[in-house]
Amino acid sequence: METLIILLIGILVAVATYLILSRNIIRVILGTAVLSHAVHLLILTLGGLKTGNVPLLTEADAPYTDALPQALILTAIVISFAVTAFILVLAYRAYQDNGTDDLDALRGTNDE
Amino acid sequence: MKINDVILRTVTRIVVFIILTFGVYLFLSGHNTPGGGFIGGLVLASAIVLLYLSNDIEKVQKSLPLDFKLVAASGVLLATGTGLGSLLFGVPFMSQTFAYFDLPVFGKTELTTVTIFEAGVALAVVGVVVTIILSISEDE
Amino acid sequence: MNNIIVLPLIIPIMVGVILVFLRPYVKTQRVISLVTMLGMVGISLYILNKIQTDGILRLDFGGWEPPFGILFVADSFAMLFVLIANIVTAICLIYAFSSIGESHEKMFFYPFVLFLIAGVNGSFLTGDLFNLFVCFEVMLLASYVLITLGGKKAQLRESIKYVVINILSSWFFLVALAYLYGTLGTLNMAHLSERVAEAGQGPLLTTISILFLIVFSLKAGLLLFFWLPGSYSVPPTAIAALFGALLTKVGIYALFRTFTLIFYHEPSITHTLIGIMAGVTLVVGSIGAIAYQDVRLISSYNVVIAVGFILVGLAVATQTSFEGSIYYVMHDMIAKAMLFLIAGTMIALTGKTKIDEMSGLIRNYPLFGWMVFVVTCSLAGIPPLSGFVGKLLVGEAAIESGSYVLLALAFISSIVVLYSLLRIFLNSIFGETIISPEDEVPLKKGMIVPIILLAIGTVFLGLGAEFISGYVSDAARTLSNPSVYIEAVLGGN
Amino acid sequence: MNANQTIELGAALLILLGSIMSVISALGIIRLPDVYTRSHAATKSSTLAVLLSLTGAFVYFWVHEGLISVRLLLGIVFVFLTAPVAGHLITRAAYRARVKLTDDSSDDELKDVLFPEDK
Amino acid sequence: MVEKILFTALALFAITIVIALVRIIKGPSIPDRAVALDMIGVNLISMIAVISIVLKTKAFLEAILILGILAFISTIAISKYVERGVIVERKSDD
Amino acid sequence: MFSVTFAIIIPFIIAALVPFIYRRFKLLHIGWFVMLVPITLFLMLARLIPSVASGKTYIHTYNWIPSLNINFTTYLDGLSMILGLLITGVGSLVILYSIYYLSTKESLQHFYCYLLLFMGAMLGVVFSDNLMVLYVFWELTSVSSFLLIAFWNHRKASRLGAQKAMLITVSGGIAMLVGFIMLHTMSDTFSIREIIANVGDLTEHALFIPTMILVLLGAFTKSAQFPFHIWLPDAMEAPTPVSAYLHSATMVKAGIYLVARFTPVFGGDQLWFWVVSGVGMITLFWGSFNAVRQTDLKALLAYSTISQLGLIMSLLGLGSIALQYGYSEESIIYTQATFAALFHLINHSTFKGALFMVVGILDHELGTRDIRRLGGLMTFMPFTFTVGVIGSLSMAGLPLFNGFLSKEMFFAATVQIMNADVFSLQSLGIIFPIIAWIASVFTFVYCMIIIFKTFLGPVQPEKLDKPLHEAPVGMLISPIILSVFVVGIFFFPNLLGGYILKPSMESIYPTFGDPANLTPSIHAWHGIKPELLMTIGVVLVGALLYRLLKKWKPVYGLLSSRYTLNAYYNNFLSFAESKSTNVTNKYMTGLLRDYLVYIYLFFILTVGGFFFYSGAFSISFSMDVRIRAYEVILVGVMAVAAVAMLFSKSRMTATLLNGVLGYSIAIFFVIFRAPDLALTQLVVESITTALFLLAFSHLPDWKKERVPSKTKITNAVISVGTGAVVVLVALAVLNYDRFETISAFFENAYELAGGANIVNAILGDFRGFDTMLEVVVLFIAGLGVYTMIKLRAKKGDENIENK
Amino acid sequence: MPAQFLLNLFIAFLWMLLQDEDELKITTFFGGFIVGIVIIFLMHRFFGTQFYLRRLYSIIKLIFIFISELAASSVLISRQILSPKLKIKPGIFTYRTELQGDWEITTLAMLLTLTPGSVVMEVNPEGDMFYIHAMDIEQSKADVLRSITKFEKAIMEVTR
Ligand code: NA
Ligand code: NA
């Protein structure tokens with residue numbers, strides 16, 4: 001299972017990377033979204049996919065799965081949501097003012 | 001022909017209340033079952049988003065005249081403020097405390113400072129999500 | 001219990017949130033934010049001195065003992081960063097009062113600056129690696145907003161690059177954390193250190209440490225600085241100065257912390273790599289510093305050079321080199337803020353950005369002109385200004401450890417720094433005056449005063465090096481003896 | 001096999017039925033010719049499928065753990081309430097966005113009202 | 001026996017999702033995709049219910065309701081986007 | 001009690017006061033006030049001459065950075081006394097001269113401020129015992145020199161000259177600093193005295209030679225030795241008093257001072273001998289050779305200064321050979337080179353100072369220094385003429401003037417060196433007298449040029465802007481005083497020798513015992529010796545060459561101007577600037593993709609590279625959890641959805657596929673028993689999708705990207721590489737099973753934190769701090785979005801920075 | 001308004017049930033009541049129509065109609081989907097209703113949508129005309145016309 005999930009993570013990372021290297025800003029942002037999916041899975045997988053129980057003390061008995069990675073991922077999810085919201089708006093504001101969503105056209109010159 | 005959203009709006013009236021109730025429940029019960037301030041806040045925000053989806057902004061704001069970024073700010077203040085409260089009691093920052101009380105009507109009840117903290121979290125989440133969605137929607 | 005050490009993070013946050021409610025009242029915001037920052041300076045000083053008597057301070061949040069809870073650890077190393085960062089922020093705020101304009105001030109400028117410094121302070125103080133990630137994000141989000149503040153075309157354009165690159169680096173950070181938790185099963189930095197020492201920093205852990213190196217290098221602008229020149233050139237001056245002074249320092253801090261506390265067992269790999277990166281950074285930074293006419297770009301590449309220089313100290317990794325780097329970091333925060341304020345002021349006064357479009361400013365603004373000269377000398381490491389002591393110690397450590405290539409690159413780079421800044425001085429400050437007295441844009445007191453304060457800072461750090469030498473050597477001692485830190489964190493209450 | 005086990009088996013079979021139902025509706029959205037006919041499959045078969053499996057789960061928890069799960073009940077009500085609305089909204093949107101009906105379609109009384117200019 | 005049935009059901013639900021995914025990829029119109037996405041959401045609800053049985057926990061029952069809520073909201077949002085180009089209107093026509 | 005520290009500090013204090021005083025007393029030329037400083041200091045120092053001559057030294061220490069051994073230690077001995085007297089003495093005369101030279105229209109407060117700054121710095125250099133403090137003052141002399149050269153900074157030439165001087169001297173200074181640090185590494189002290197006292201420990205150290213080279217770099221750049229001399233001619237853009245003071249009498253002597261000071265440390269090494277004397281000799285020749293071709297009198301003097309500095313430098317090199325032998329009867333003979341060096345150091349200051357002032361007078365009174373426009377001034381400017389002739393003849397090394405004495409000693413030293421039986425000098429040594437003699441011929445020629453082309457010959461009033469007249473008395477006082485010294489020293493050289501030179505010989509040869517032995521009696525006539533013959537040869541051949549100047553001057557034309565050192569310097573700078581622009585623009589493309597490619601490549605190369613190189617990879621399936629069919633299918637769904645994103649033709653499809661990914665991950669969170677995660681993931685994914693839709697109404701639809709297939713391949717390779725590295729390291733991590741995680745602690749959540757949901761207890765309590773900050777992150781993002789959309793800067797209310 | 005009170009009770013009830021406690025506790029109910037007060041206070045402007053408890057029976061009846069329609073239509077669609085060759089003739093037809101008011105129209109539309117083979121696509125602005133998409137227009141039209149009176153009657157029992 002872990003091996004399979006890690007392979008999946010690899011595919012997600014590769015796809016995300018390819019998207020991020022694109023010229024279109026929306027593809028880039030989607031790429032970052034996929035990246036965050038991948039890393040959340042990674043944290044969970046490496047945190048140990050034990051066959052333990054749901055970490056609810058009233059629900060089940062020990063052994064529990066490792067709850068710490070879950071808490072970390074929760075934090076990471078919220079943060080990546082915040083960042084995604086911000087960059088989406090940034091992207092369209094940049095489009096409004098610069099008139100393009102093509103990152104090649106958004107290069108700017110070094111010495112202007 | 002103009003769009004008639006009567007079906008959507010009517011159903012939404014019911015659904016929103018279900019979601020709101022569920023949101024508050026998630027927020028309050030998070031200490032022992034899945035949920036908590038974040039998820040509760042997100043669900044509450046979804047309910048408000050649903051209102052915006054099925055009505056228009058003007059209408060919703062007439063019924064719900066809140067400045068959501070100030071809601072968010074209040075939430076952050078509440079969340080950080082509970083941490084700061086520890087300073088007054090001479091315990092380490094962010095010390096949460098809990099106790100069981102026998103309250104009239106409620107019986108044995110657990111009261112914890114985490115709940116105040118989580119309320120702040122929930123408020124902040126609601127405020128932020130709605131602020132973002134409203135800001136984008138109102139933009140030309 | 002040391003609740004006081006959370007104040008550098010929590011006070012700016014709370015005040016920042018409160019200022020959101022006070023958006024229309026610009027004057028009130030100014031007063032409150034400045035008073036806050038001055039208070040932070042006072043608190044930092046107090047903590048720094050308390051450390052000298054009581055040793056390293058730690059605060060376990062919620063009372064949960066390490067390694068289970070999150071904690072702040074205040075040692076001299078961290079507090080020196082905090083102290084200077086807060087001083088610089090206070091001064092940049094003063095500059096903003098008269099430069100950034102009321103419309104920008106109403107864009108929650110002060111809250112965002114306060115959030116930024118909160119994130120920065122938190123990054124310096126935290127003793128938990130995941131919390132460091134979160135503090136980074138606080139700082140980053142604030143910087144994202146600040147860089148776009150006002151929303152000019154160029155700002156929006158450059159900020160996209162800045163944000164995407166930082167998203168990528170945050171992602172690498174999370175990947176690294178996943179690996180680290182997967183191997184060592186803990187997040188507390190002292191505990192990590194202990195476990196690495198116990199298991200031996202084998203190939204896998206070293207691989208992971210290289211990933212951390214990438215993450216923090218992206219923040220520090222060590223070799224991977226591509227985001228830096230563009231994004232430092234677009235925001236309003238006060239913000240650019242804050243960026244120039246603070247942002248890379250957080251990465252630098254993290255590099256020092258991780259590679260002295262946790263991953264110090266394989267220096268022949270990690271520290272060699274750092275050394276190579278520092279060397280290349282010095283070279284390409286130097287090339288960049290003389291490549292452009294735009295004052296902001298010149299300033300930005302000077303930031304890059306300094307990063308290389310400071311990291312030479314980490315690559316060499318002796319107590320002396322750490323001391324040198326710490327002196328140099330403090331110097332650099334102050335002098336870079338000054339440089340960026342000056343660059344921005346030049347643009348504000350002339351409306352031009354390139355050095356060959358300006359000339360003879362010293363006749364219109366003599367005091368300002370001399371400040372440019374001071375910053376030039378200071379950054380070139382000309383004694384007795386502040387750059388000198390750090391340079392001396394890093395050089396000495398490099399010699400002692402036989403790192404002659406780094407030594408040469410580091411010292412040659414300061415010639416380039418001198419040259420690049422002399423170009424500004426000679427082209428724009430000296431020379432034929434082209435602004436007639438009638439067309440002169442008045443130089444506001446609020447703009448020159450902060451620059452003078454920073455100049456005083458650079459003089460003080462140089463001449464008064466003895467005043468801080470105790471703190472610096474204490475900080476370097478902690479860095480070179482990880483056990484001191486570990487003992488303070490895990491050695492019971 | 002005691003009564004409880006029988007009921008549990010029944011619940012499982014209910015779920016299996018639901019899953020078969022859902023595969024059928026999935027085949028529907030592949031086979032059917034346009035978005036409007038596909039939405040029939042989605043709003044009806046698919047909804048029934050989920051109602052079946054939720055009911056199965058409800059029964060299972062009731063029998064197995066003695067739990068009357070209101071959350072499950074609420075879920076059932078919710079799906080029941082919203083599925084038709086979703087179908088209504090999506091077909092309306094499709095039509096207004098001028099997604100074509102399949103060529104096999106016979107009458108279209110809406111066309112004249114919405115797009116009189118197309119005549 | 002029960003468990004076997006449940007795992008078979010899970011596999012069937014998963015197959016449904018695969019098929020719906022094909023529709024999302026093929027389209028051709030956005031409403032087609034929205035219908036398929038809705039279907040995926042609804043099937044996930046079923047899966048969570050079944051997994052809850054398999055894992056013998058009621059910890060995920062909240063997720064069922066939430067998924068229902070979200071599938072509904074998503075469908076509304078996509079419909080409005082398709083229909084009007086915006087999903088939240090400042091002031092609607094009526 | 002007089003303190004040397006006081007002497008260093010005073011000029012700085014007064015420098016700080018100058019601007020204020022200037023504003024108060026507008027009427028009186030502020031130079032009068034400033035002049036009091038060097039006069040006072042000179043007198044103070046002069047009072048100490050007798051005691052210093054008797055071997056006494058003065059040391060005083062103030063703490064500066066004691067923790068780093070950097071303290072403000074002043075040290076007055078014979079060597080520093082010479083320089084101190086020069087700095088204050090010539091300083092007084094220069095200031096007096098400048099009072100007449102600079103009109104009150106100039107920004108005098110700046111001028112005198114810089115000048116005092118320089119004076120203090122220069123005194124600091126010569127009186128500092130601590131290397132770091134010495135370095136501080138050393139750089140300060142560069143800085144003040146920079147400011148003085150750029151005094152008329154509206155002239156481009158001034159600015160460029162100042163920049164060149166600053167770059168070269170500061171670079172040398174930095175090299176020297178490294179040398180000093182190395183000295184500290186070797187000796188563990190910054191005190192020169194202590195280093196000299198323990199010099200025996202150093203010579204065997206591996207860093208000894210590098211240190212020597214680095215220190216010499218500092219000295220050579222400062223003293224304008226070949227090939228670093230190119231800054232000095234350009235420094236002549238400074239007002240002439242500055243040229244006279246800094247660029248001939250004092251600052252350029254700092255390098256000489258440094259070499260003399262460090263002779264006890266490095267002098268025993270063969271390399272030191274060859275480098276110092278060799279570079280000195282080359283400089284001597286090159287300076288004199290180039291001086292002849294100059295038409296600007298000031299430029300001529302600049303090259304002449306270079307040449308003379310080379311002469312002194314080479315003498316110090318020659319003198320160091322005495323340390324080879326240690327103190328003995330034979331070795332004393334070699335110390336006379338050093339003695340000559342110090343002697344000439346003083347002499348040069350007197351005659352060159354006078355000459356500069358003369359040129360300044362010409363420039364000031366006639367408006368030109370071009371010898372092609374001058375001539376026959378003797379009758380109109382008799383005093384100026386007299387001083388000029390005295391200076392020139394002394395420089396040419398003719399009798400009756402002090403230059404003759406030291407020049408003779410120089411010749412003697414070059415001849416003497418051939419007798420040394422070390423370093424193959426008996427064969428190689430011959431080059432010293434030869435170069436010395438040739439250079440002296442050229443020196444003679446240019447001295448004749450000064451005299452004949454300026455003061456004699458036909459008058460050319462039509463080429464002058466101003467009428468011919470003698471300079472005002474005030475301007476003549478200083479040069480006259482200097483020429484009195486020129487003549488006076490010739491007649492009473494041993495006064496100087498006994499009181500001034502003798503104690504400094506002790507500073508240079510501390511191990512040689514009584515300095516009286518090292519102090520020869522100076523005589524104008526000591527029989528027919530090789531040196532005398534050489535002098536006669538110089539005069540004869542020099543006179544001949546001067547006669548035939550027109551015939552052979554075209555030789556200089558052969559030296560293409562493209563291959564001069566100056567051209568190299570300029571080309572280097574412009575090459576560096578343009579090349580650096582090219583290089584930087586090449587990789588700083590402004591394209592986000594490029595930057596990301598660099599980062600990814602760096603990641604793959606370092607992390608992936610090291611991972612494989614170190615053999616950290618390991619894999620094991622033993623711990624894998626059992627897998628179910630539906631899970632495999634779901635993994636397939638996610639993989640397909642992800643890959644389909646790459647090929648989707650509309651942004652909507654891609655966004656929905658991302659939603660599918662998000663929802664599927666939620667299911668995995670369910671499968672992996674993470675209820676809170678599943679809930680959060682579901683809601684966040686939905687809201688994110690909604691945000692995409694919201695943003696889409698403000699963005700154009702996707703267009704087909706025209707990407708070259710090469711780029712596509714690169715992107716694909718990087719993507720696969722990144723994925724692969726992440727996967728392989730993750731597999732190894734999975735297999736690493738050494739530690740238990742800390743999470744067992746949290747399973748006591750109910751007792752500790754009163755919560756049964758462990759994840760929630762972690763978020764709200766154990767790691768509540770993270771959660772608090774995470775809320776802040778969210779808040780900043782929300783507020784930022786609001787600000788970005790709602791609070792845009794409207795046209796017109798942009799901040800004042802962008803007017 | 002009594003309807004609001006009812007809604008409040010509803011929320012309180014919901015609340016109590018959500019707790020998943022072994023027994024129904026009045027304390028829990030009371031807590032839910034307070035939650036309800038808060039929600040309704042915030043949302044009261046949205047609340048405009050009536051709701052009567054005594055119509056519970058009608059409601060239950062209506063729900064059963066819903067469920068049976070759903071089952072029937074699912075079977076129908078499954079048959080169509082699984083038939084080897086699709087023999088359908090889709091189309092859009094109109095239906096004018098007697099019902100008035102948001103709730104009545106909505107309920108009818110939902111019922112019609114669940115009716116075998118038909119989906120309500122549009123309601124005209126006046127709210128009395130449905131535009132219905134039929135899977136197989138001949139059969140659906142007949143089905144709708146056959147059962148529509150039954151639906152309208154059941155709905156009016158609840159609302160009027
Ligand atoms: Na210029
Ligand atoms: Na592991």
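Predicted model: local features only at pLDDT ≥ 70, side-chain atom pairs only at ≥ 80, totals over all residues.
**Exercise 1. Find the protein donors of the sodium ion (ligand 1), and say where M358(C) and N427(C) sit.**

Solution. 
- Step 1: I355(C), M358(C) and N427(C) each give an O atom to the sodium ion (ligand 1), at 2.2 to 2.5 Å.
- Step 2: Along the sequence, these donor residues follow the spacing I-x2-M-x68-N.
- Step 3: M358(C) belongs to the loop between α14 (319-350) and α15 (361-364) of chain C, while N427(C) belongs to helix α18 (residues 404-429) of chain C. The two are 69 residues apart, so this pair links distant parts of the chain.
- Step 4: With a relative accessibility of 2%, M358(C) is buried, because the cut-off for that word is under 20%. N427(C), at 30%, is partly exposed.

**Exercise 2. Which chains supply the protein donors of the sodium ion (ligand 2)?**

Solution. 
- Step 1: The donors are the O atoms of G182(C), V733(F) and Y736(F), found 2.5 to 2.7 Å from the ion.
- Step 2: Helix α7 (residues 153-184) of chain C holds G182(C), and helix α31 (residues 709-735) of chain F holds V733(F), so this pair joins two chains.
- Step 3: Both G182(C) and V733(F) are buried.

**Exercise 3. Why is strand β3 (residues 129-134) of chain G largely enclosed by the rest of the structure?**

Solution. 
- Step 1: Side chains in a regular strand alternate between the two faces of the sheet.
- Step 2: On one side of β3(G) are M129(G), Y131(G) and H133(G), and on the other F130(G), I132(G) and A134(G); all are buried.
- Step 3: Six of the six residues are therefore buried, and the strand is largely enclosed.
- Step 4: Now look at the partners. Strand β1 (residues 91-96) of chain G runs antiparallel to β3(G), joined by six bridges, with F93(G) opposite I132(G). Strand β2 (residues 118-123) of chain G also pairs with β3(G) in the antiparallel sense, over five bridges, and V123(G) faces F130(G) there.
- Step 5: The hairpin of β2(G) and β3(G) has five residues between its strands, and G127(G) in this hairpin takes a positive phi near 85°.

**Exercise 4. Which residues form the nonpolar surface patch of chain F that includes V541(F)?**

Solution. 
- Step 1: The patch consists of W525(F), I528(F), L533(F), I536(F), L540(F) and V541(F), with about 650 Å² of accessible area together.
- Step 2: V541(F) is part of helix α23 (residues 530-547) of chain F.

Notes. Residues numbered from 1 in each chain as written. Chains lettered and ligands numbered in written order. Heavy atoms only, no water. Patch = residues over 30% accessible without salt bridge, like charges linked within 9 Å, V, L, I, M, F, W, Y side chains within 5 Å. Areas by Shrake-Rupley, 256 points an atom, 1.4 Å probe, with all protein chains shown as cover. Salt bridge = Lys/Arg side-chain N within 4 Å of Asp/Glu carboxyl O. Helix = DSSP H or I, 4+ residues; strand = E, 2+ residues; numbered from the N terminus. Donors = N, O, S within 2.8 Å, 3.2 Å for Na, K, Ca; no water. Buried < 20%, exposed > 50% of the residue type's maximum accessible area, 1.4 Å probe, protein only. Pairing = 2+ DSSP bridges.
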